Structures are given as structure tokens and as C-alpha cells.
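Me: I've got a model open and want to talk through what its labels rest on. Can you take a look with me?

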Amino acid sequence: MDTETEGKAAAVEEMREWCVALPKVELHAHLNGSVRNSTLLELAKQLGDKGIIVFEDVKDVIMKSDRSLPECFKLFDLFHILTTDHDTVTRIAKEVVEDFAAENVVYLEIRTTPKNNEAKGMTKRSYMDAVIKGLKAVEDVDVELFGSNFRTNETLSSKLLDGDTKKKKIYVRLLLSIDRRETTSAALDTVNLAMEMMDQGVIGIDLSGNPVVGEWETYLPALQHAKNLGIPVTIHCGEVANRKEIQAVLDFCPQRLGHVCCLNDVEWKKLKSLMIPVEICLTSNVMTGGAPSLELHHFADLYNAKHPLSLCTDDSGLFSTSLSNEYYLVATTFGLSKSELFQLAQDAVQFVFADDVVKKSLKEVFKHAEKRLLMWDELAAPS
Ligand SMILES: CNc1ncnc2c1ncn2[C@@H]1O[C@H](COP(=O)(O)O)[C@@H](O)[C@H]1O
Ligand SMILES: [Zn+2]
């Protein structure tokens, strides 16, 4: 390697390290989309040994990089075969939190679809209990799950500030997803379950699933029910150009929106005037065709318009990305400086569904990290 190439490689490495060191807030991560490939392969092997699936076929599908939108939903059906029993749900929940915490995500909203599965003796409630069991089983990091009064004598922020000497800390909250394949009654069950579990880390409702499946009118009663109960709602919006639904979603005016890829000029204007915070999923959108390329991603338009937004991974396992990588992509594609990236990460605190006590604590985390991150270059420079 010549000196110039070496210098460039070192700069890339340094920027990647900085993006990992940056405290981050993740607002759009699907549990089953965030599972490590190594875990999926291990689970596939076990089912293969039992003769339930053909391991070699499943392995090829997991390792393939084809991630078009229809391909994604075929994969989710496969993932659900691999992951849906109580012990496995517990395991993946634990691992997903560990993986996010390992790259300095300090606040994580995980969304997942509560599942009934008679064959496994699973109800939506027992599925969620298994998820929570996984969050409580995390050992590598200190997880704050139940609300701002969980720790009375030691706030999370003070622990987060302690640097490298102690375990990492992370706030985790849960959003219950309504799958677009569900009936109105099943969607209402999910909202009622969310209400029942508000004191256990559940904090909101999401509408997701294959965007070419289902009708808005089917979910509206459940989403309206959530709104009436005061439960925050986020909706996958415009992954495909469904004009009628995009209009209806904007009229519903949820607390946050995911993606907003296929909006026309009128809808775009309306989104901006409503100032609904957007969960931006760069890699996901480019892979599934919601955005033509990174360079042409609508992030740039929203960012330049100072529209509220937050960078997210969507499905870090499925798309082989991480939240640090999404920040890195923004830096390299759109030329944001370290201080602009820091501001972007910090601004996401405003859009979390957790209460003001948590927000205040997160703001302290950023305040504490600011000097070290913004003086990074000076500190790293050889004396
Ligand atoms: C790629 N863009 C996407 N668009 C829409 N829905 C998505 C999605 N990515 C994931 N999901 C939703 O999340 C489920 C997997 O996690 P859980 O089983 O809930 O933990 C998928 O089945 C789908 O409903
Ligand atoms: Zn999503």
C-alpha cells in the first residue's frame, strides 16, 4: 500500500471509530430483523438436524445479499420459523440489545409483532413476556427498562457517564407492531396488550409489514384506539407509492413516521408542514428500492429543510448494517462534519417516546460526551 492509500484507509478507520464512539439513539429497529446471522445459522442448523427444514437451502437464503422488498418479507417468514418459540425469542431479544449497546446506542426502541402460535403454546402476551425475559437476561450491559423511576439511587445518566471502567448502560423501550396481514380484531388486541404492558417497558405502537398487503381501513380502528388511549404511534409510510394510504397516514398525523420514500410533491409539502419526525433508514431504503441511491436519498432534502429526523437501522441483521454505519454513510455521502453528526444524534433525543426524565438523562449523556467527541481530532493528533 502506498502512503496515500494508507492515509485514506486510516481516515476511514478513524471516522468509523468516531461513529461507534458517538452516543446514539435508535428509534426504528425490528427485533426479528436485527438478529445476528450467526444466530440465524445456528437456529437453522438445529431445525435442519431435526428434519424440519433443509439447512443448506436456508443457509443460502440467509447468506444471500438479495434484499428486494418482496425478498425481505419472504425472509421474515423464514426468520419467524427459526425464531418463534419462547426460549429463542428470549435469546434474540437479549442478543439484539447487547449488539446495539456494543456500539454505544444509549437509548433503544425495539419494535416487534406479538405473535399467537398455538403449536408453540404462544400467545401475544407470552411472546412479549419472552421478549422482556430476554431484556432482563442481558448481562454485558446494564439495561434500564421499566421507566424513569426504575433506579432510585443511581440514575442511568450518571452510570452512562462513568466511561470505560464500568458496564455500558442502555435504556430500552418496546413498541408493539401491528402486522399489515392482521385483522382489525388482532390489531386491537395488540393495542390493548400495549396498554396492559405500559408499566413493563412498552411505550408505543407501530404499523409495519409488507406494504403491498392489507388496507388502511383495517388498522385504522386500532390506531385510533391507541391514539384515544394516549399511546404514541409510529407508522411505516410510503415504502411503496400507495397515494390513498399515504394521504390517510398524513391525515392521521402519528407521533412519528418511518421511511417516507414514495411521497409526491403535495404529500412532501404536507409532511414538512406537519413537522412529523421521520425515522430515516438509509441502507434499508436503498436495498429495497425505496430510494434510488444513497446520494439521491431524501435524507438530504429533509436535513436541509431542518425537518425533525433520526437515523435508524430498520433491520440491522437483514441489511448487514449498524447504527454507527448509518452515521458513517451520512458523513461520507452528504459530507456532514463531526459536529453536525453529533447534533443529529443528539437531536434524536427529542423524538423518543420515553418521558421527560429519560430525555433529560439522555441530554446529560450527550453533554458529557460532547467535548471528547468534538475534540477527537486534536486529541488524536500526534504531539
Ligand atoms: C424492510 N422494511 C420493512 N417494512 C415493513 N415492515 C417491516 C420492514 N422490516 C421489518 N418489518 C416488519 O417487522 C417484522 C419482523 O420483526 P418482528 O417479527 O416484528 O420482530 C416483519 O415481519 C415485518 O412485519
Ligand atoms: Zn421498519
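Me: What makes Asp 314 a polar contact of ligand 1?

Reply: A polar side-chain atom of Asp 314 lies 3.4 Å from a nitrogen atom of ligand 1. A polar contact is a pair of N or O atoms within 3.5 Å, so this pair counts. Bear in mind that this is a predicted model, where local features need pLDDT of at least 70 and side-chain atom pairs count only at pLDDT 80 or more, while totals for chains, interfaces and linings use all residues. Side-chain values use heavy atoms, with hydrogens and water left out.

Me: Which polar atom of Gly 209 faces ligand 1, backbone or side-chain?

Reply: Backbone: a polar atom there is 2.9 Å from a nitrogen atom of ligand 1. For His 30, an N or O atom in the side chain is 2.9 Å from an oxygen atom of ligand 1.

Me: How many residues surround ligand 1, and what classes are they?

Reply: There are 17, where near means a heavy atom within 4 Å. By class, the shell has four nonpolar, eight polar and five charged residues, with Asp, Glu, Lys and Arg counted as charged and Gly among the polar ones. Helix α4 (residues 69-83) gives the largest share, three residues.

Me: Why is the pair of Phe 73 and Phe 76 called tilted?

Reply: The rings are 5.8 Å apart centre to centre, with 55° between the planes. Pairing needs centres within 6.5 Å; planes under 30 degrees apart are stacked, over 60 edge-to-face and the rest tilted, so tilted it is. Both residues lie in helix α4, three residues apart, about one turn of the helix.

Note on methods: Residues are numbered from 1 along each chain as its sequence is written. Chains are lettered from A and ligands numbered from 1 in the order in which they are written. A polar contact is a pair of N or O atoms within 3.5 Å; within protein, one must be able to donate a hydrogen and the other to accept it, and residues adjacent in sequence count only if both atoms are side-chain atoms. Helices (H or I, at least four residues) and strands (E, at least two) are DSSP runs, numbered from the N terminus. Rings of Phe, Tyr and Trp (its six-membered ring) pair if their centres lie within 6.5 Å; planes under 30 degrees apart count as stacked, over 60 as edge-to-face and the rest as tilted.
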